[in-house]
Amino acid sequence: MADLQKSTGDQHGTSEAPSEERGTEPVSKRAKFESSLVRFAREYGWRAYAIPVLAVITIFVVADVVRTPAEEAAEANPAAESTTVADAQEPEESRGPGPDPSRSQPAEIDISKLPEGGPFTEQGNGSYRIVGEPGMSAGQGETLSTTYVIEIENGVDTTTYGGDGAFARMVDATLADPRGWTNDPNFRFEHVAADQNPDMRIQLSSVNTTAELCGADLEMETSCRTTLGGGNIVVLNEARWVRGAAPFEGDLGAYRQYLINHEVGHGIGYADHVPCSEDGALAPIMMQQTLSLNNTELNTISPNEVYADDGNTCRANAWPFPNP
């Protein structure tokens with residue numbers, strides 16, 4: 001039996017004896033490994049090839065998922081990463097603290113000129129359109145109840161400041177505010193329809209029409225209350241509505257509230273202007289704040305007015321009763 005096994009082995013082997021350098025054990029292991037692959041391939045068929053490929057793909061997917069967003073952004077835009085790092089670096093020289101407001105010099109403002117700002121209408125056509133919705137009423141009216149309508153001169157384009165409706169709502173809201181004239185129980189206001197014979201007409205007018213209705217004694221844009229054309233008319237100069245006035249230092253909303261309250265004040269009987277009573281106090285609503293907050297300056301502009309040459313300067317104020 002041993003001779004038969006040896007003979008069979010000799011037929012498939014080589015005629016030379018195995019050398020000590022190659023040995024017989026590695027050949028045996030390699031044969032086993034190859035037969036294992038054959039059996040694996042025979043048992044699993046095409047899956048034997050697919051499984052390793054899927055394993056490799058899975059490794060790449062997992063690696064991609066665990067990457068941080070910062071890594072992805074850096075790969076997509078390498079320059080962004082370098083910019084971010086540069087932005088985070090401290091400047092070579094520190095500028096120290098910011099500007100000290102106490103050392104800022106006040107701007108020299110020519111009160112005869114309008115502040116810079118948007119466009120306004122030089123000349124309308126003299127006729128007016130009714131705007132706004134009637135219905136607002138405010139105040140008790142123990143001694144005076146005033147009905148009013150709101151009008152805008154035709155030719156005046158209000159689109160740059162919200163349209164006709166925005167202007168009308170501003171008037172209504174100002175007259176209804178508890179800091180306004182209705183804080184005094186003597187006064188009441190009601191926005192009515194034009195056919196209800198209103199006591200007052202509040203008009204937004206172009207520059208030239210305002211000059212015709214108010215007079216042009218001053219070389220600067222002003223508003224007024226007038227009876228020209230019949231009735232009690234409050235004329236609001238569109239140039240001032242758009243640009244405001246220097247004493248209000250760019251607070252256009254507060255200036256518009258002042259403009260309404262001041263001119264309506266004339267319309268309900270406050271004919272006289274009022275000076276600044278104390279340096280640093282809030283300005284009275286009937287002070288000519290459009291022109292200045294300083295009594296001496298106002299005395300120079302209008303020597304026949306009530307302003308003393310005392311140097312008192314008040315703070316801008318939009319309301320008859322600012323602390324209700």
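## The pair on β4

Glutamate 190 is partly exposed, at 26% relative accessible area. Here buried means under 20% relative accessible area, exposed over 50%, and partly exposed in between (1.4 Å probe, protein chains only). Arginine 188 is partly exposed too, at 23% relative accessibility. The two residues form a salt bridge, with the closest N and O atoms 3.3 Å apart. A salt bridge is a side-chain nitrogen of Lys or Arg within 4 Å of a carboxyl oxygen of Asp or Glu.

This is a predicted model: local features need pLDDT of at least 70, side-chain atom pairs count only at pLDDT 80 or more, and totals for chains, interfaces and linings use all residues. Residues are numbered from 1 along each chain as its sequence is written, and side-chain values use heavy atoms, with hydrogens and water left out.

## Salt bridges across the chain

The structure holds four salt bridges. One of them joins arginine 201 to glutamate 151, at 2.4 Å from N to O. Arginine 201 sits in strand β5 and glutamate 151 in strand β3, so the pair links parts of the chain 50 residues apart. Helices (H or I, at least four residues) and strands (E, at least two) are DSSP runs, numbered from the N terminus. Glutamate 151 is buried, at 4% relative accessibility. Arginine 201 is partly exposed, at 27%.

Aspartate 164 pairs with arginine 129, the closest N and O atoms being 2.8 Å apart.

## A buried glutamate without a partner

Glutamate 153 belongs to strand β3 (residues 144–153). Glutamate 153 is buried but has no salt bridge. The nearest side chain of opposite charge is arginine 129, 8.4 Å away. Lys and Arg count as positive and Asp and Glu as negative; His and the chain ends are not counted.

What lies 2.9 Å from a polar atom of the side chain of glutamate 153? The backbone nitrogen of glycine 126 does. Contacts of glutamate 153 beyond four places in sequence include Gln123, Gly124, Asn125, Tyr128, Leu204, Ser205 and Thr209. Contact means heavy atoms within 4.5 Å.

## Nonpolar cores

The largest nonpolar core has 35 residues. Such a core is a set of buried Ala, Val, Leu, Ile, Met, Phe, Trp, Tyr and Cys residues joined through side-chain atoms within 4.5 Å. Tyr148, Phe167, Leu175, Ile202, Leu236 and Val264 touch the most other members. Elements giving two or more residues include β3, α6 (164–176), β4 (187–191), β5 (200–205) and β7 (232–237). The largest share, six residues, comes from α9.

Isoleucine 202 is in contact with residues beyond four places in sequence, among them Tyr148, Val171, Leu175, Val234, Leu236 and Val264. A second, separate core of nine residues includes Cys276, Ala283, Leu298 and Cys314.

## Helix α9

α9 has 16 residues and reaches 22 Å from its first C-alpha to its last. That is close to the 22 Å expected at 1.5 Å a residue, where the expected span is 1.5 Å times one less than the number of residues. Of its 16 residues, 14 are buried, so α9 is largely enclosed by the rest of the structure. Glycine 269 follows α9, with a positive phi near 120°.

How values were computed:
Polar contact = N/O pair within 3.5 Å; in protein donor to acceptor, adjacent residues only side chain to side chain.
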